[in-house]
Amino acid sequence: MTIKEKAIKVELPVEKVAALAAAAGIDAEDVERKLETPESISLGTAVKKYLENDDDEPKKESGSVRFWTKAINHTVALPGGKTLKFKTNALVLDKKRDAETIKMIRNIQNVSGEYGINEVVNKPHEDESEEQIKFGEMLEKIVYTGAYGEKSKAGVKAVRALFSDDELIAMEEYGFDPRRLIMKALRTKSLKPINN
């Protein structure tokens, strides 16, 4: 089954089903690509969950803390031999249930340089501040790579990881446009390096 066929079957716009697919970690750029069995199952679960909660207000991630890094599938070693793996570029933890883990991550000696761990803050940098300019430049360097500044799929996924699933679904088709993703991130997000 393709994303387009799933959209027709459940009577939802293709863009909405593509956004649900992307939020579930499925490459949704080609909506007519035949999905692998695990992808079909994940998409079915995401669509079912969306349809069940369609009348509810979107859930906020207020009970969560989101950590982000430019490194793909980054792993963090914690005291006691415990490791945590980032999903793509993000690690989302529950404030109450994972309070001790959050505290440990915030106290990790952060890697200097471009692959450090940051906490995503749902508040933008001040308009036209030095921090906002640097944040925008960093996001552009992640998305547009190579000598000709081609769009990087991994870069787009990294920027999408700044947002919760509900935020991505609300963006619909704009959640795939790198320029709009970067603008949305600049208007709504900032990064706070851990242990600083």
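**Note on salt bridges in the predicted model**

1. Glu39 counts as buried, at 18% relative accessibility. The cut-off for that label is under 20% relative accessible area. This is a predicted model, and the values below are to be read with that in mind.

2. Glu39 has a charged partner: its side chain meets that of Arg33 in a salt bridge, with 3.1 Å from N to O. Arg33 counts as partly exposed, at 25% relative accessibility. Side chains of opposite charge can pair when their charged atoms come close.

3. The structure holds eight salt bridges. Among them is the one between Lys153 and Asp27, where the closest N and O atoms are 3.5 Å apart. Lys153 belongs to helix 6 (residues 153-160), while Asp27 sits in the loop between helix 2 (14-23) and helix 3 (37-52), so this pair ties together parts that are 126 residues apart in sequence. Lys153 is partly exposed, with a relative accessible area of 46%, and Asp27 is also partly exposed, with 27%.

4. Another of the salt bridges joins Lys151 to Glu29, with 3.9 Å between the closest N and O atoms. Here too the pair links distant parts of the chain: Lys151 is in strand 7 (residues 150-151) and Glu29 is in the loop between helix 2 and helix 3, 122 residues apart. Lys151 counts as partly exposed at 42% relative accessibility, and Glu29 is partly exposed with a relative accessible area of 44%.

5. For the student: which part of the chain holds Asp27? Asp27 lies in the loop between helix 2 and helix 3, and Glu29 lies in the loop between helix 2 and helix 3 as well.

Key:
Residues are numbered from 1 along each chain as its sequence is written. This is a predicted model: local features need pLDDT of at least 70, side-chain atom pairs count only at pLDDT 80 or more; totals for chains, interfaces and linings use all residues. Side-chain values use heavy atoms; hydrogens and water are left out. A salt bridge is a side-chain nitrogen of Lys or Arg within 4 Å of a carboxyl oxygen of Asp or Glu. Helices (H or I, at least four residues) and strands (E, at least two) are DSSP runs, numbered from the N terminus. Buried means under 20% relative accessible area, exposed over 50%, partly exposed in between (1.4 Å probe, protein chains only).
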